[in-house]
Amino acid sequence: MKIKFQHCIEWLYRISIIALIGIALYFIGIIFLFASFSIPSSSMEPTLIPGDNVLVLKWQYGARVFNINDAIDHHPLKIHRLPGTTTIKRNDIVVFNFPYPEKKDSIGFDVLLYYIKRCIALPGDSLYIKDGFYNIAGYDGVSGNRKKQLELKRILNDSLLLKINGVSMKTFPQDSALCWTLKNFGPLYIPEKGKTVRLSHKEYALYKNYIEWEQRKKLYEQGSAFLLNDSVITEYSFLKNYYFMAGDNAIGSNDSRYWGLVPEEYIVEKVWRIWKSVYKMSGRINRSRIGKKIE
C-alpha cells in the first residue's frame, strides 16, 4: 500500500512539473513569440472581415516588454521593445493599443484595448488627403485601399450619400482654424524622433497631446506664446516616433483621420495570417479564409 502511495505521489509530481513547464512555455510564447486577435468590425474590409482571427509573430517588430501592473493601474508606463527582424513599413497591417481609451484630449493606455489598421504614413512623412485619397509627399506608391477610397470620394461629393452612410466630415485635430475635413486634410507632418518643429497655433493644435504625453507636463497657448507648464518654448524636439493608421474601409473606419497618431510604443506587431474565421451570424467555420496571408 505504501509503495502504491509513493508511486501516486511521484506520478502527481511529474504531472505537476509537466503542467508548470507547459504553462511557462505558453506565457513565454504569448509574451515573446505570438498572439491572436479577433476582428470585431468591418473597418478593415475587404482585407479583414468580422469573424476573422489573426495571428501576429512578435519577433518581426520585436516583442514589447512592460510592467503589466503599471498598465492596469494607469501609472506612467515604460515600454521597451526587443530587437526584431524588420521595421514598420507603409501599408503594413498592424495591431496597436488605442491611444485614447478614456479621454479624447490626452493619450492613455489600455492593455486590453486593441485596434487593427493599416499603416499609411511613417515618422518623417508629410501626409495629406485630397478628395478622400491618401497622399504622401515624395512617395509615389499606393497608400491604403484605393478602391475603398474611390467609393469614399463618390460619397463625399453627394450630400445624400453622406447622410445615408453616416459619414462624419469632422477630423483630427478638431480645430476650426485649420478647417481639415475627411475630403481635404493636411498636410500633416508625422513626428520623427529627434526632429524639431517651430511652434505656431497649427503645431499647437496638431501636437499638443503628444508633447504633453512625452513631457508629462501641460502645454498652454497664451496669445502668440507657448508654455510647457511655466516655461516658455518656441520649438519642440520629439522624443518618440509616431504613425498614421487607417482602416481599409475608408467609409466606416474610426482611425487616425479622426483621433490622430499612434506612438511607436503602442504598436504590438504586424498581422501575419488568418488562422481561424467564423461566420458571425451562424458561428460556422469559414474555411475559405483560413491560412490566408495578410498583405
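**Entry 1: Elements and overall values.** I took helices and strands as DSSP runs, numbered from the N terminus. I noted that the model is a predicted one. On this basis I recorded six helices and 17 strands in the chain. I then looked up burial and found that 44% of the 295 residues count as buried. For contacts between residues at least 6 apart in sequence, I noted that 62% join residues at least 24 apart. The chain exposes about 16500 Å², and carbon and sulfur atoms supply 57% of that area.

Entry 2: I located Asp131 in the loop between β7 (126-130) and β8 (133-136). Asp131 is not a glycine, yet its phi is positive, at about 55°. Is Asp131 buried, exposed or partly exposed? I recorded a relative accessibility of 24% for Asp131, which therefore counts as partly exposed. Gln174 likewise is not a glycine and has a positive phi of about 55°. I placed Gln174 in the loop between α4 and β9. Its relative accessible area is 51%, and the limit for exposed is over 50%, so Gln174 is exposed.

**Entry 3: Cis peptide bonds.** I recorded a cis peptide bond between Glu45 and Pro46, with omega about 10°. Pro46 belongs to the loop between β1 (34-38) and β2 (52-57). I also recorded a cis peptide bond between Phe172 and Pro173, with omega about 5°. Pro173 sits in the loop between α4 (159-165) and β9 (184-189).

**Entry 4: Aromatic pairs.** I found 19 aromatic pairs in the structure. One of them is the stacked pair of Phe98 and Tyr115, with 4.4 Å from centre to centre and 15° between the planes. This pair links distant parts of the chain, 17 residues apart: Phe98 is in the loop between β5 (93-97) and β6 (114-121), and Tyr115 is in strand β6. Phe98 has a relative accessible area of 9% and is buried. Tyr115, at 18% relative accessibility, also counts as buried, since the cut-off is under 20%. I next looked up Phe238 and Tyr242, an edge-to-face pair at 6.3 Å centre to centre with 70° between the planes. Both Phe238 and Tyr242 are buried.

**Entry 5: Aromatic cluster and a charge over a ring.** Which residues form one aromatic cluster? I listed Phe66, Phe109, Tyr207, Tyr210, Trp213, Tyr236, Phe238, Tyr242 and Tyr266. Finally, I noted Arg90 over the face of Tyr139, at 4.3 Å from the ring centre.

Note on methods. Residues are numbered from 1 along each chain as its sequence is written. This is a predicted model: local features need pLDDT of at least 70, side-chain atom pairs count only at pLDDT 80 or more; totals for chains, interfaces and linings use all residues. Side-chain values use heavy atoms; hydrogens and water are left out. Helices (H or I, at least four residues) and strands (E, at least two) are DSSP runs, numbered from the N terminus. Buried means under 20% relative accessible area, exposed over 50%, partly exposed in between (1.4 Å probe, protein chains only). Contact means heavy atoms within 4.5 Å. Accessible areas come from the Shrake-Rupley method with a 1.4 Å probe; for residues, only the protein chains shown count as cover. Rings of Phe, Tyr and Trp (its six-membered ring) pair if their centres lie within 6.5 Å; planes under 30 degrees apart count as stacked, over 60 as edge-to-face and the rest as tilted. A charge sits over a ring if NZ of Lys or CZ of Arg is within 6 Å of the ring centre and within 35 degrees of the ring normal.
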